[in-house]
Amino acid sequence: MRINSPKLNIMYKACMKAAKFLIRDFGEVENLQVSSKGPGDFVSSADTRTEKIIIEEILRAYPDHGILSEEAGNINQKNKTNRWIIDPIDGTSNFLNAIPQFAISIGYEENNQIKNGLIYDPIKNELFFAETGNGAFLNNSRIRVSKKKNLRNSLLGTGGPRSGSKIKNEIFHEFVEISKNVEIPIRKYGSASLDMASVACGRFDGFWQRELNYWDIAAGTIIVKEAGGYVDFLDREVDESKKRNLVATNSLIHKELLDIINKKNIEKN
């Protein structure tokens, strides 16, 4: 893989090193040591090992950089300028059920702006990556969002809600309202990072989901934007302890999708 950016090179090296173990474990999921993290959310030995490998590679190159990772939490919190955002396995439930839809996701942030992002699907060997101003790529090929202009004919992805969500009924209602405005059934694949990558390469025309963690979507935001798409947050919360409500599209259907979501919220209130 030809990647010239120093930050992306670190991401790539870490992903390839960790992915070897993920591919091996994927065929032996019944042997993984699994512990409960909460309703509908699990962490396995594969998660923690993948995270450990990635963090070690990053800190070897940038020992003073901050890191926010799903399992390890915050590292080097005093560095507010440079931070890496890691999801070692986005789609853990898929992984643990031998469903080949999961990814490693790494974003690099400077001054609260994502500058680099990489999403790697080890089973399909698909590497999505982007850097500010340099476009988005799938393996060695430049990717762009779709040109679909009509929401009704668009293919959308979404996810959730989790069992413990306090707005579960609202999320279901939103799903129904958007479903009424599209002819193609909405997809729910269980990996937000890969859903965003699908928007970036034109497989999906749009994706929305509420109550996402920052590490789920950090890398995907820059990849979608560099592919010509648009990413919007339905709230403006920047504290990583808060959930994100996100809409990502090819930009052409963005307003139409947002109008439905906003109309639903107005009716609810």
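Helix axes are taken as lines fitted to C-alpha atoms over the stretch in contact, with angles running from 0 to 180 degrees between N-to-C directions. Helices (H or I, at least four residues) and strands (E, at least two) are DSSP runs numbered from the N terminus. The model is predicted, so that local features need pLDDT of at least 70 and side-chain atom pairs count only at pLDDT 80 or more, whereas totals for chains, interfaces and linings use all residues. Residues are numbered from 1 along each chain as its sequence is written, and side-chain values use heavy atoms, with hydrogens and water left out.

Helix α5 (residues 192–200) and helix α6 (residues 214–226) pack at an angle of about 5 degrees, their axes lying 8 Å apart. The two helices α5 and α6 are therefore roughly parallel (under 35 degrees; over 145 counts as roughly antiparallel, 65 to 115 as roughly perpendicular and the rest as oblique). In contact terms (heavy atoms within 4.5 Å), A192, S193, M196, V199 and A200 of α5 meet D216, I217, G220, T221, I223 and V224 of α6.

Helix α4 comprises 12 residues (168–179) and spans 17 Å from its first C-alpha to its last, close to the expected 16 Å (1.5 Å times one less than the number of residues). Its buried residues (under 20% relative accessible area, with exposed over 50% and partly exposed in between; 1.4 Å probe, protein chains only) are I171, E174, E177 and I178. These buried residues of α4 fall within an arc of 125 degrees when viewed down the axis, and so line one face of the helix; the arc is that of the directions from the helix axis to the C-beta atoms. K168, also in α4, is partly exposed at 27% relative accessible area. Beyond its neighbours within four places in sequence, K168 contacts P161, R162 and S163.

N79 occupies the loop between β4 (73–75) and β5 (82–90) and is buried, with a relative accessible area of 15%. Its side chain reaches the backbone nitrogen of T81 at 3.0 Å. Residues up to four places away in sequence being excluded, N79 touches D64, H65 and G66.

S5, in the segment preceding α1 (6–26), is likewise buried, at 7% relative accessibility. With residues up to four places away in sequence not counted, S5 touches N116 and E131. The side chains of S5 and N116 form a polar contact at 3.5 Å (a pair of N or O atoms within 3.5 Å; within protein, one must be able to donate a hydrogen and the other to accept it, and residues adjacent in sequence count only if both atoms are side-chain atoms). The C-alpha atoms of S5 and A130, 125 residues apart along the chain, are separated by 9.7 Å.
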